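Student: I'm new to this one. Can you walk me through it, piece by piece?

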Amino acid sequence: TFTVKGFVQIYSGNQMNNNEVNPIVKKSYKVLAVEGVLEHKGKPEIELNYLDSYYEIINTKKNGEFQIDLKPGIYTFFILKGDKVYLNNFDGLGNFSHIEVKENLENIIIKDVKNAYF
């Protein structure tokens, strides 16, 4: 297995001045590591029950940091929000962005920009 480390970064409000963009993380979040590549169907959120792949739920620390050990493969990382999962990052081919785990990875960043404007 390989260790994957990363952060959830939450952005809110006016983010137009790139020199002052600051993520807001004040609580623990739940991150899903979903095995495989998933279609986004034009939206950054999908219903949790839509997932038919293996997934693990990870609780972040209050600063947004998370760590998980995964077997080699391709994974899509989401933020869990109620009964939906969120990822506003896409691969340009109709899928959510995904990561191939074939070695230890650090600094995976999952951004929540739902309440931000740029």
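This is a predicted model: local features need pLDDT of at least 70, side-chain atom pairs count only at pLDDT 80 or more; totals for chains, interfaces and linings use all residues.

Student: Where does Lys71 lie?

Tutor: Lys71 sits in the loop between E5 and E6.

Student: And what is Lys71 in contact with, leaving aside its neighbours within four places in sequence?

Tutor: Thr1, Glu35 and Val101. Thr3 is 68 residues away from Lys71 along the chain, yet their C-alpha atoms are separated by 8.9 Å.

Student: New topic. Which strands form the open sheet, and in what order?

Tutor: The order is E5-E1-E9, with mixed pairing. E5 and E9 are the edge strands, and each pairs on one side only. On average, neighbouring strands here are turned by 25° against each other, direction ignored.

Student: In which sense do E1 and E9 pair?

Tutor: Parallel, over nine bridges. There, Gln9 has Lys111 in E9 as its bridge partner.

Student: Back to E5. Which residues are on its covered face, and which on the uncovered one?

Tutor: Phe66, Ile68 and Leu70 make up the covered face. Glu65, Gln67 and Asp69 make up the uncovered one. In a regular strand, side chains alternate between the two faces of the sheet.

Student: How many residues are in the largest nonpolar core?

Tutor: The core has 31 residues. Val4, Phe66, Leu70, Phe77 and Phe78 have the most contacts inside it. The elements giving two or more residues to this core are E1 (2-14), E2 (30-35), E5 (65-70), E6 (73-81), E7 (84-86) and E9 (105-117).

Student: Last one, Asn95. Buried or exposed?

Tutor: Buried, because its relative accessibility is 17%, under the 20% cut-off. Asn95 is found in the loop between E7 and strand E8 (99-101).

Student: And which residues does Asn95 touch, beyond those up to four places away in sequence?

Tutor: Val37, Leu38, Glu39, His40 and Phe90.

Note on methods:
Residues are numbered from 1 along each chain as its sequence is written. Side-chain values use heavy atoms; hydrogens and water are left out. A nonpolar core is a set of buried Ala, Val, Leu, Ile, Met, Phe, Trp, Tyr and Cys residues joined through side-chain atoms within 4.5 Å. Buried means under 20% relative accessible area, exposed over 50%, partly exposed in between (1.4 Å probe, protein chains only). Helices (H or I, at least four residues) and strands (E, at least two) are DSSP runs, numbered from the N terminus. Contact means heavy atoms within 4.5 Å. Two strands pair if DSSP finds at least two bridges between them. Axes are lines fitted to C-alpha atoms, for helices over the stretch in contact, and angles run from 0 to 180 degrees between N-to-C directions.
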